[in-house]
Amino acid sequence: MRNYIKLSAITLFVISLVGCGNFEPDLGQIKKVETHKKSPKDVLIENDHVDLTRECMELGISTEEINIHISGLEREYTFLWLSDMHIITENDEIAVEDLETVEGRRESFKNAAGMYSDEFWSRLSKILDDWGADALFFGGDMIDYAANANIACLKEGIDNLDTPYLYVRADHDYFPYYCAVKDEEAIARLHAKIDGYEEISLIEFEDLCLVGINDSTRQISATALQKMKDICAKGKPVILITHVPLNSLYDTSLEEGSKTVWGDKALVWGENCAYTPDEITQEFMDLVCAEDSPVKEVLAGHLHFSWDGHLTENIGEHVFMPGYHGNIGIVKVGAH
């Protein structure tokens with residue numbers, strides 16, 4: 001399926017001590033492995049007007065590249081992945097009792113160049129178009145809590161983009177953690193101004209479908225399940241974008257890796273995991289994992305480490321490192 005090496009054992013790149021929900025990771029057992037890195041220059045389609053190598057160095061950007069091979073594609077595609085930015089702005093929406101907590105989180109989400117997440121995003125969003133990608137994937141937890149100021153910061157950067165994008169939210173994007181006022185309906189309206197806030201989003205090419213699961217820390221609705229069935233019926237290969245990974249049915253390395261890092265918690269969707277599917281979500285997962293499924297690859301974030309493996313024997317899955325550290329995923333897709 002790809003020439004990125006598949007691993008039956010876990011490949012971990014733990015970047016942070018703060019992240020997924022309220023869990024604190026245990027780094028005592030981690031095996032660090034050198035990942036496949038390339039200079040941004042090596043992955044550009046067009047680079048006639050911006051020296052991205054210089055800018056990437058200034059911004060502390062690193063890249064994580066995977067190659068996906070799908071039979072029958074008529075052309076090659078390049079996509080960018082960015083998730084787990086945990087943008088925090090200086091704002092007055094925080095509850096007094098949470099001020100110290102939020103300040104600590106803001107400090108922890110500095111990138112490799114020492115930039116706060118909101119500053120990093122404000123500069124990064126201006127150069128994403130210059131990668132010349134076919135689409136951008138914003139894979140959830142782009143903001144750390146749903147304050148008006150954080151959403152506005154994210155939206156300002158997105159509004160500058162010309163490249164098509166999928167934004168699949170997670171709990172940090174839509175829940176007002178730490179805020180004095182918690183108006184989820186108002187927050188949903190703000191998010192809808194970005195992209196309509198659909199539960200299942202789609203970018204369709206002539207020979208490929210990109211499908212995003214929004215709010216993947218929640219159960220799938222019957223409406224979303226039907227939309228996924230309709231997309232599968234198109235007969236085109238699918239790349240599925242989600243924040244929370246689906247637990248591998250191929251081996252136990254993803255589940256074990258999450259438990260190693262996140263205090264014995266399997267922060268993935270699956271039986272006996274932190275995210276246990278109800279009847280509708282299980283039907284969705286069965287559809288994705290079926291032997292004749294058009295899904296060829298699942299891309300996810302959430303865990304704050306890098307993992308590459310199989311969802312099933314026929315479907316690959318990749319979990320990306322967090323964006324607040326400076327990581328941008330490069331996803332190259334082509335035929336065999």
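Predicted model: local features only at pLDDT ≥ 70, side-chain atom pairs only at ≥ 80, totals over all residues.
Me: Turning to aromatic pairs, how many does the structure hold?
Reply: The structure holds 12 aromatic pairs. One of them joins Tyr77 and Phe205, whose ring centres are 4.8 Å apart and whose planes stand at 55°, so this pair is tilted.

Me: Why does that pair tie together parts that are 128 residues apart in sequence?
Reply: Because Tyr77 belongs to strand S2 (residues 77-82), whereas Phe205 is in the loop between S5 and S6.

Me: Is Tyr77 buried or exposed? And Phe205, buried or exposed?
Reply: Tyr77 has 2% relative accessibility and therefore counts as buried. Phe205, at 17%, also falls under the 20% limit and so counts as buried.

Me: What about Trp121 and Phe138?
Reply: Those two form an edge-to-face aromatic pair, with 5.8 Å from centre to centre and 85° between the planes. Trp121 is in helix H3 (residues 117-124) and Phe138 in strand S3 (residues 135-138), 17 residues apart. Both Trp121 and Phe138 are buried.

Me: Which residues form the aromatic cluster?
Reply: Tyr77, Phe79, Phe137 and Phe205 form one aromatic cluster.

Me: Now the sheet: in what order do the 6 strands come?
Reply: The order is S5-S6-S7-S8-S10-S9, in an open sheet with mixed pairing. Strand S5 (200-204) and strand S9 (307-310) are the edges, each pairing on one side only. On average, neighbouring strands are turned by 15° against each other, direction ignored.

Me: How many bridges join S6 to S7?
Reply: Strand S6 (residues 209-213) and strand S7 (residues 238-241) run parallel and are joined by 4 bridges. Leu210 has Ile239 in S7 as its bridge partner.

Me: Last topic, the largest nonpolar core. Which residues touch the most other members?
Reply: Of its 36 residues, Val211, Met228, Leu240, Phe284, Val288, Val295 and Leu303 do. Elements that each supply at least two residues include S6, S7, helix H9 (279-289) and strand S8 (295-300). Helix H7 gives the most, with 5 residues.

Me: What does Phe284 touch, leaving out residues up to four places away in sequence?
Reply: Phe284 touches Ile200, Ile213, Ile220, Leu225 and Met228. Apart from this core lies another, of 30 residues, among them Phe138, Met142, Ile158 and Ile187.

Key:
Residues numbered from 1 in each chain as written. Heavy atoms only, no water. Pairing = 2+ DSSP bridges. Axes fitted to C-alpha atoms, helices over the stretch in contact; angles between N-to-C directions. Core = buried A, V, L, I, M, F, W, Y, C linked by side-chain atoms within 4.5 Å. Buried < 20%, exposed > 50% of the residue type's maximum accessible area, 1.4 Å probe, protein only. Contact = heavy atoms within 4.5 Å. Phe/Tyr/Trp six-rings, centres within 6.5 Å; stacked < 30°, edge-to-face > 60°.
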